[in-house]
Amino acid sequence: AASVATIGFPMVSRAQTTILKMQGAWGAKDIFNDFATDYVKRVNEMAGGRLKIQYLIAGAVVKPFQVMDAVNKGVLDAGHQVSVYWYGKSKVASLFGTGPVFGQNANQGLAWIYYGGGLELYQELLKELGLNIVGYFAMPMPTQPLGWFKKEITGPEDLTGLKYRTVGLAADLFQKMGVKVTQLPGGEIVPALERGVIEAFEYNNPTSDRSFGAQDVSKVYMLGSYHQAAEFFEIIFNKTKFDALSDEQKAILRYSAEAASSANYWRGQDQYSKDLFWLRDEAGVKLYRTPKSVMEAQLKAWDEILPELEQDPFFAKVVKSQKEFAHRVAYYDLLDSADYKLAFDHYFPGELGF
């Protein structure tokens, strides 16, 4: 009877309840803040009270570019950001989201992270830099637009000398193309534009751009670019705090990143497209596809800066891993995928304009 009773009751976790203080790098109105809380919601609901994340918006404790340092030092237990925000420590950091594109998209970039050795290389980088961090990645971001301008960009010569906002390796890329780059977090873009510090900018997507009023200061939106064509969020934890958790709590933190990744992407597809139509139809923004000549110039610029960057052996090691994985998965995908543009043009002829 005792044996039967034991079988009848499921094992109940005895893990001690733990509260983690997480700050995002995003303002309250940015959809990225919603993406961060998608992750927090999944952790809190799956943990059943044994583990809880208390989420704070950008600036609550530290500024967006300071999240990595705060988590490393234990000022924060966790952070939600992008790795490019701390690439000042090592340009290799930018490869975990905003590096060169060898034919791979962001979904395939995440595949490299989790199945192609990327996460192990990331952990190796953290150790090399002496960062007391455990991190995971989520949300295969759609290609980031070239951005917002005062007039249509018709060729790479239109970018020469332009005062432009971007971040990470994209800064190296545009500087190679003759652009005057200023690196700023999202919340500082419009004030910088109003003060004349910048003349043009990119951030990430139609929804985020709309939320901070890009349409009020610019009316030309160029879509398509190789500067940040495959980025994802970085979800980080103080390693000392993380290591003290039970195995089941660690698993919840990791697998919630995978769950949030899908939820973020689906939400983004829905909301980004709605806001792009709103920008066009309600705000009077003119949408243009970035010319092929600009994208070709970007690829040429990547070719020029990569040998310089690969003088760092670890940078070269990560690029080699990415390129080999991208070659295989992009070959398969491009050879096999249906021509989605052909189908779109068939049912909605003339709308795209290219």
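Start with helix 13 (313-336) and select its buried residues: Phe314, Phe315, Val318, Val319, Ser321, Gln322, Phe325, Ala326, Val329 and Ala330. The model on screen is predicted. An α-helix has 3.6 residues a turn, so residues three or four places apart point the same way. Now show what lies over these side chains of helix 13: the cover includes helix 4, helix 5 (118-128), helix 6 (169-176) and helix 12 (292-309).

Next, draw a line between the end C-alpha atoms of helix 13. They are 35 Å apart, which agrees with the 34 Å that its 24 residues should span at 1.5 Å a residue.

Go to the N-terminal end of helix 13 and select aspartate 312. This residue caps the helix there. One of its side-chain oxygens lies 2.9 Å from the backbone nitrogen of phenylalanine 314.

**Helix 12**

Move to helix 12, which is among the elements that cover the buried residues of helix 13. Helix 12 has 18 residues. From first C-alpha to last, helix 12 reaches 25 Å, close to the 26 Å expected at 1.5 Å a residue.

Select the buried residues of helix 12: Val294, Met295, Ala297, Gln298, Ala301, Trp302, Ile305, Leu306 and Leu309.

**The cavities**

How many cavities of 30 Å³ or more does the structure hold? There are 2 of them.

The largest cavity holds about 140 Å³ of space. To find it, select Pro100, Gln104, Gly109, Ala230 and Gln322, which are the closest to its centre of the 16 lining residues. Gln322 is also one of the buried residues of helix 13. Both helix 4 (106-115) and helix 13 supply at least two residues of this lining. Colour the lining of the largest cavity by class, and it shows 9 nonpolar, 7 polar and no charged residues.

The second largest cavity holds about 90 Å³ of space. Of its 13 lining residues, Val82, Tyr85, Tyr203, Asn204 and Glu231 are the closest to the centre. By class, the lining of the second largest cavity divides into 7 nonpolar, 3 polar and 3 charged residues.

**The pockets**

Which elements each supply at least two residues of the lining of the largest pocket? They are helix 4, helix 11 (247-281), strand 11 (286-289), helix 13 and helix 14 (340-347). Helix 11 gives the most, with 7 residues. The lining of the largest pocket divides into 24 nonpolar, 14 polar and 6 charged residues.

Now find the second largest pocket, which has a volume of about 260 Å³. It is lined by 15 residues, and the closest to its centre are Ala25, Trp26, Gly27, Gly186 and Gly187. Here the lining has 7 nonpolar, 4 polar and 4 charged residues.

Select serine 90, in the loop between strand 3 (78-81) and helix 4. Is serine 90 buried or exposed? Its relative accessible area is 10%, so serine 90 is buried, the limit being under 20%. Show Leu125 and Leu129 as well: serine 90 is in contact with both, leaving aside its neighbours within four places in sequence.

Then select methionine 139, in the loop between strand 4 (133-138) and strand 5. Methionine 139 counts as buried, at 0% relative accessibility. Look at its backbone too: phi is near 75 degrees, a positive value in a residue other than glycine.

End at threonine 160, which sits in the loop between strand 5 (147-149) and strand 6 (163-165). Threonine 160 counts as exposed because its relative accessibility is 53%, and exposed means over 50%. Beyond its neighbours within four places in sequence, threonine 160 is in contact with Met177 and Gly178.

Terms used:
Residues numbered from 1 in each chain as written. Predicted model: local features only at pLDDT ≥ 70, side-chain atom pairs only at ≥ 80, totals over all residues. Heavy atoms only, no water. 1 Å grid on protein atoms, 1.4 Å probe; cavity = no way out; pocket = protein on both sides within 12 Å on 5 of 7 lines; lining within 4 Å. Points joined across faces, edges and corners; volume = space filled by probe spheres on them. Helix = DSSP H or I, 4+ residues; strand = E, 2+ residues; numbered from the N terminus. Nonpolar A, V, L, I, M, F, W, Y, C, P; charged D, E, K, R; others polar. Expected span 1.5 Å × (residues − 1). Buried < 20%, exposed > 50% of the residue type's maximum accessible area, 1.4 Å probe, protein only. Contact = heavy atoms within 4.5 Å. Polar contact = N/O pair within 3.5 Å; in protein donor to acceptor, adjacent residues only side chain to side chain.
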